[in-house]
Amino acid sequence: MAEVILEVKNVVKTFDDFMALKGVSIKLRKGEFSALIGPNGAGKTTLYNVISGKFPPTSGEVVFDGRLVHGLPPHQLLRLGISRSFQLTNVFAGLTVRENFLAALVACHDRGKDLWNPLKRCKDLYEEAEHILEQLGLTHVTELPVKALSYGDKRLVEVGLALASRPKLVMLDEPTAGMNPEETDRMIHLLKKLSREMDTTFFLTEHDMKVVFSVADRIFVLHQGELLAEGSPAEIRENRKVKEAYLGERSVAGA
Ligand SMILES: Nc1ncnc2c1ncn2[C@@H]1O[C@H](COP(=O)(O)OP(=O)(O)OP(=O)(O)O)[C@@H](O)[C@H]1O
Ligand SMILES: [Mg+2]
């Protein structure tokens with residue numbers, strides 16, 4: 001079995017008197033594509049926030065690649081290899097798609113000093129930007145400002161920017177939210193391709209069960225701040241507790 005890259009141990013997170021996470025433990029294995037599902041308010045984004053360093057857990061531990069990382073800020077976690085999908089607000093809407101990737105690459109490879117040189121001399125960064133754009137299937141919009149892109153293409157840019165740091169773990173919080181069925185299918189196709197091609201562990205939250213059951217090797221189900229179940233897609237689909245708490249109300253017919 002593949003080695004564990006991320007271990008969340010008994011994580012509790014409280015907001016004032018409210019316990020959003022009530023002692024959650026999960027293990028992600030290197031190279032696997034895992035998904036975190038659960039009803040609204042289950043604690044999915046809170047768990048992402050703890051893992052990606054937005055705030056520390058109230059108690060419990062997070063071990064990444066063999067070291068304790070809870071409480072570290074996001075930029076240090078990014079250096080260690082944990083990347084979270086950027087929100088569109090972090091994209092420079094007026095810059096072209098290529099310029100956004102170059103800016104992300106300059107930042108995450110600590111190449112700020114190279115800005116004193118004309119960027120064109122940073123041939124390696126240009127090549128890396130081209131490579132990511134090809135992987136994403138976005139070469140046709142490279143020269144367009146991000147604000148001119150379709151919604152679906154913008155979300156692909158967002159996923160691509162999360163990959164710019166060559167992370168060991170990529171966390172995507174609802175990458176298909178707001179997409180139409182065609183854009184969702186394109187994202188499913190892309191996520192499958194990326195997980196095949198890259199030596200990276202993916203961790204996704206998503207309400208669209210077609211996406212989850214199409215891409216995930218392993219699924220974790222959160223319910224009211226607790227882990228209700230974990231298993232393969234087939235195990236989760238048949239799990240009685242999961243059906244009662246969550247899947248019963250959702251169609252997985254497309255999966
Ligand atoms: N910063 C905060 N302050 C206070 N309460 C919070 C905060 N963040 C989350 N919560 C509460 O914690 C619970 C879990 O929220 P969270 O956003 O993690 O759920 P979620 O599973 O991501 O839901 P959704 O599917 O709607 O995105 C909710 O009851 C929410 O109101
Ligand atoms: Mg959420």
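Why does R166 count as partly exposed? With 15 C-beta neighbours inside 10 Å, R166 falls in the partly exposed class, since a residue is buried if 20 or more other C-beta atoms lie within 10 Å of its own, exposed if 12 or fewer, and partly exposed in between, with C-beta atoms placed from the backbone. The model is a predicted one, in which local features need pLDDT of at least 70 and side-chain atom pairs count only at pLDDT 80 or more, while totals for chains, interfaces and linings use all residues. Residues are numbered from 1 along each chain as its sequence is written, and chains are lettered from A and ligands numbered from 1 in the order in which they are written.

R166 sits in the loop between α5 (151-163) and β7 (169-173); helices (H or I, at least four residues) and strands (E, at least two) are DSSP runs, numbered from the N terminus. Phi of R166 is positive, near 50 degrees, in a residue other than glycine. A phi near 50 degrees is also found at N10, again a residue other than glycine, and N10 lies in strand β1 (residues 4-15). N10 counts as partly exposed because 13 C-beta neighbours lie inside 10 Å.

Helix packing comes next. Helix α3 (residues 97-108) and helix α4 (residues 123-136) pack at an angle of about 120 degrees, their axes 9 Å apart; axes are lines fitted to C-alpha atoms, for helices over the stretch in contact, and angles run from 0 to 180 degrees between N-to-C directions. The pair α3 and α4 is therefore oblique (angles under 35 degrees count as roughly parallel, over 145 as roughly antiparallel, 65 to 115 as roughly perpendicular and the rest as oblique). The contact involves V97, R98, F101, L102, L105 and V106 of α3 with L125, E128, A129, I132 and L133 of α4, where two residues are in contact if their C-beta atoms, placed from the backbone, lie within 7 Å.

By contrast in topic, α5 and helix α6 (residues 181-197) meet at about 25 degrees, with axes 10 Å apart, and are therefore roughly parallel to each other. On the α5 side the contact is made by Y151, G152, R155 and L156, and on the α6 side by E183, R186, M187 and L190.

Around ligand 1 stand F15, F18, A20, G38, N40, G41, A42, G43, K44, T45 and T46, a residue being near a molecule if its C-beta atom, placed from the backbone, lies within 6 Å of it. The largest share of this shell, 3 residues, comes from α1.
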